[in-house]
Amino acid sequence: MVTGGTTDDIIQLNIESFWSGGPFANSSYTGGNPQAYNAAALGDELSRIRKAIFKSPIGETNTLAPLTYPGLNYGSYSGNGLIAVSRNTTISKSNYLRWLDLDSGLLKTAWSEGKTSFRREYFCSYPTRSCTSYLKSDRPLADTLSYSFVALPALQDTSTTCVDSSTIKYRGRSEDSGMSFEFLAKVKTVPRNMVQCQMILSEGKKTAVLTVQHATESWITWVGDTNYNIDAGGPEHDFSFKGPDPHASLARILPMVTSLSYDELRQIHLHDYYEGFSSKFSLDIGTIPNFSKSTKDQVGAYTREKGNPHLELVLFNFGRYLLFSSARGTLPANLQGVWAKGARPAWSADYHANINTQMNYWGAEVTDLDVTASLWDYMAKTWIPRGQQTAKILYNTTRGWVTHNEMNIFGHTGMKDWGPWVSATWANYPAAGAWMMTHVIDHLDYGSGSIDWWQKQGWPLVKGTAEFWLDNLFVDLFHDDGTMVVNPCNSPEQNPITFGCAHFQQMIWEVFNGIEKGFELSGDTDVAFLSEVRAKKARLDRGLHIGSWGQLMGKFMTEYEYWASTYSKTSEWKVEKDRKTDLHRHLSHLVGLYPSYSIASYPEGGSVAGLTKSELLKAAATSLKHRGDGRGPDADAGWEKVWRAACWAQLGDGEKFYSVLKYAVDANFGHNLFSLYEPRSSDPIFQIDANLGVPGAMMNALLQAPDTSSYDSPLVITILPALPKAWSARGSVKGARVRGGIGISFAWRDGRPYDVVLRFDRMKAYQSREVHIVYNGRIIDSFVGEAGM
């Protein structure tokens, strides 16, 4: 991020892997797990907790102690400091413009000083692993231009030095003196060699400064890295995650990058950005850009009553840009992408996998962004090794792996203790892996992942998750109905501690279903495992129950409560605990509606406990209505509104979808389009999940093709399922993807689609299946899709 100043410009520095905590701060770091010698005692405690819940007249307990464990050395993602760009000029400025060009990935500023025109460009280049800030004037500079690194005060052992006349080095360590980082930066000019490096005294400390005089063009290119190594996080490396000092690698990269001219460097970036971002997908909702008003003014004028389709389209494209820019490295996008400002961002800018990490990737597959490789690597290399220990120590499980709600980059997979009054509410979420496996399965189903990828990485992730749950399902002794349930569970970030939480049951059913569908392609010969999955899936309570006031239940109700009721709804728990006035931010029991499919693709003729699909959808709508529009007393976050909008789209209600989407934009997006948590506070928090969730939610109003229980079931592709009136005049989607390896493009006019074109360019032979194209509730075409069509 940059300030874009003309005289003084500040460029924020971030490295995706720069964290405090973990084994860098404490070599005895355990990933949040108790010591292994406690496993037997913890197993006894867990058994006692399960028995207490089943024997409780209300199916609850009040604590999971001692299973939760202090998050010692959990650490935090951190910013690295700043580059300060300064000119010693007092000439007045005019004609100032600043914009982010989403078609090219270039940030630009332009202005005038008297008769001299200035232009700046900034970009970070994925292929070259470097960032550049370029300044051009149509006359030689009459003043001095300087570049220097500025350290964050919290960081330790920071220093800047001159490497040569045009290169400076900035080093330091995290605030707990753990991880090391380094930046190298070089300035080039036109005419050449108009730069020098000197050490000056600043605030009592020597600092390196690069100065430029008499140039018409000047650009600084920098590279940075840490001594973190994601490949050193397993037991064979003692879970150290420690790699070599970054200097040698950076010293090789910078000369190669800076041997290129600015135009060459810029062209490499533009080609990469075009091929990966601009050329593959586009959305038009019939808007006309308003270049007479700044983004800030458009955001300020935006209201829920009026909306602004052009601004909504900008937010859509901005969300894709942020994901594309933050998820192609070693690590996936975190709670702030890669743009944390200070050393201790909110929630450590970590990975919350009970909605936030999932929402970050809603728009990836459907808009054809190739950004998920780092996500698979992150799960495989940080969750599985420690997660296998967590399964053994906390759950007495000798196969599979598990992690919980909050993760760092050091394999924190244990139950992070927030203190006795909230520990289970946040920490008791072993379903994180199960939910994340839907993304893994989708990657194969969309045709993005190859069979080779599935066998080597996707299948081991999914199988390990399934193995854990095979050993952690129990016959429901509360209802004594023969079904298998999770015990204990918390619906994410809610009390009470109970059993059979709808969210868990739905997600585990989808994991088991993914095992059945993906087994043949996996190359796995463990047919006993497949048989066990099928047997327990058949007995699994699916978490689909209608409660006493019409809601989808988050937890079960008792038989007495059911027959005593006169209304129905879906509930969040197996023992009914839902309240009509519960405005909680999470919609966890509706996960099968969106973004998953156990409700959305419930078979028309199917029946669970006597329920039809129409009854389930009606119950889901009742629950959604009573959860409100996303401004309860517990929080004011953009993501909760975006999730609600996506769910209304899944239910086919375009106007309700649009109303809640507009509410999110009106309430939670700042003047720079960042999504803000508690936006009315004096210091609102940047939280990127809503930014990255907007593309997925908007696409769900235009195109739906949820997963199905088997490849024998027709793939239903619905065109314009929830098109709001404000977008209905005209528009188009080009280059979208749906499961089955199918690409789809279409246009609409006056709310009616035309020019619907399907491409089976990524469909594999095993994906051949019946396809139904649906518009306005009717099948308008039906055929068997085959590879190569």
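Colleague: Where does Pro66 lie?

Modeller: Pro66 lies in the loop between helix H1 (39–55) and strand E2 (69–70). Keep in mind that this is a predicted model.

Colleague: And what makes the peptide bond from Ala65 to Pro66 worth a look?

Modeller: That bond is cis, with omega near 10°. As background, most peptide bonds are trans. Another cis bond runs from Asn495 to Pro496, again with omega near 10°. Pro496 lies in the loop between strand E20 (484–485) and H11.

Colleague: How do you know that the side chains of His503 and Tyr429 are joined by a polar contact?

Modeller: They come to 2.6 Å, and the cut-off for a pair of N or O atoms is within 3.5 Å. The value passes, so it is called a polar contact.

Colleague: Which residues does His503 touch, not counting those up to four places away in sequence?

Modeller: His503 touches Tyr429, Trp435, Pro492, Ser588, His589 and Val591.

Colleague: On to phi. What makes Glu678 stand out?

Modeller: Phi of Glu678 is near 50°, a positive value in a residue other than glycine. In general, most residues other than glycine have a negative phi. You'll find Glu678 in the loop between strand E24 (676–677) and strand E25 (685–686).

Colleague: What about Asp755?

Modeller: Asp755 also has a positive phi, near 50°, but Asp755 lies in a strand, E30 (residues 752–759).

Colleague: Let's talk strands. What makes E5 mostly covered?

Modeller: In strand E5 (residues 106–113), 8 of its 8 residues are buried. Both faces are covered: Leu106, Lys108, Ala110 and Ser112 sit on one side, and Leu107, Thr109, Trp111 and Glu113 on the other.

Colleague: How do you know that E5 pairs with E4 and with E6?

Modeller: Pairing takes at least two bridges. E4 (residues 94–101) and E5 have 6 bridges, in the antiparallel sense, and 7 bridges join E5 to E6 (residues 116–125), also antiparallel. Both counts meet the cut-off, so both are called pairs. To place them, Asp101 has Leu106 in E5 as its bridge partner, and Thr109 has Arg120 in E6.

Colleague: What happens to phi in the two hairpins?

Modeller: In the hairpin of E4 and E5, with 4 residues between the strands, Gly105 takes a positive phi near 70°. The hairpin of E5 and E6 has 2 residues between its strands, and Gly114 in the turn has a positive phi of about 65°.

Colleague: Which elements do the buried residues of H3 pack against?

Modeller: Among them are E5, E6 and strand E7 (130–137), along with helix H2 (247–258) and helix H5 (309–326). The buried residues of helix H3 (residues 262–278) include Tyr262, Leu265, His269, Tyr273 and Phe277.

Colleague: Why are E26 and E32 called edge strands?

Modeller: The open sheet has 4 strands in the order E26-E27-E31-E32, with mixed pairing. Strand E26 (703–704) and strand E32 (778–785) each pair on one side only. E26 pairs with E27 in the antiparallel sense over 2 bridges; pairing needs at least two, so that count is enough. Leu703 has Ile719 in E27 as its bridge partner.

Colleague: Which strands and helices supply at least two residues each to the lining of the second largest pocket?

Modeller: Strands E27 (715–719) and E31 (769–775) do, together with helices H14 (613–626) and H15 (638–650). The pocket has a volume of about 870 Å³. Of its 30 lining residues, the closest to the centre are Ala600, Glu604, Lys613, Val716 and Thr718.

Terms used: Residues numbered from 1 in each chain as written. Predicted model: local features only at pLDDT ≥ 70, side-chain atom pairs only at ≥ 80, totals over all residues. Heavy atoms only, no water. 1 Å grid on protein atoms, 1.4 Å probe; cavity = no way out; pocket = protein on both sides within 12 Å on 5 of 7 lines; lining within 4 Å. Points joined across faces, edges and corners; volume = space filled by probe spheres on them. Buried < 20%, exposed > 50% of the residue type's maximum accessible area, 1.4 Å probe, protein only. Polar contact = N/O pair within 3.5 Å; in protein donor to acceptor, adjacent residues only side chain to side chain. Contact = heavy atoms within 4.5 Å.
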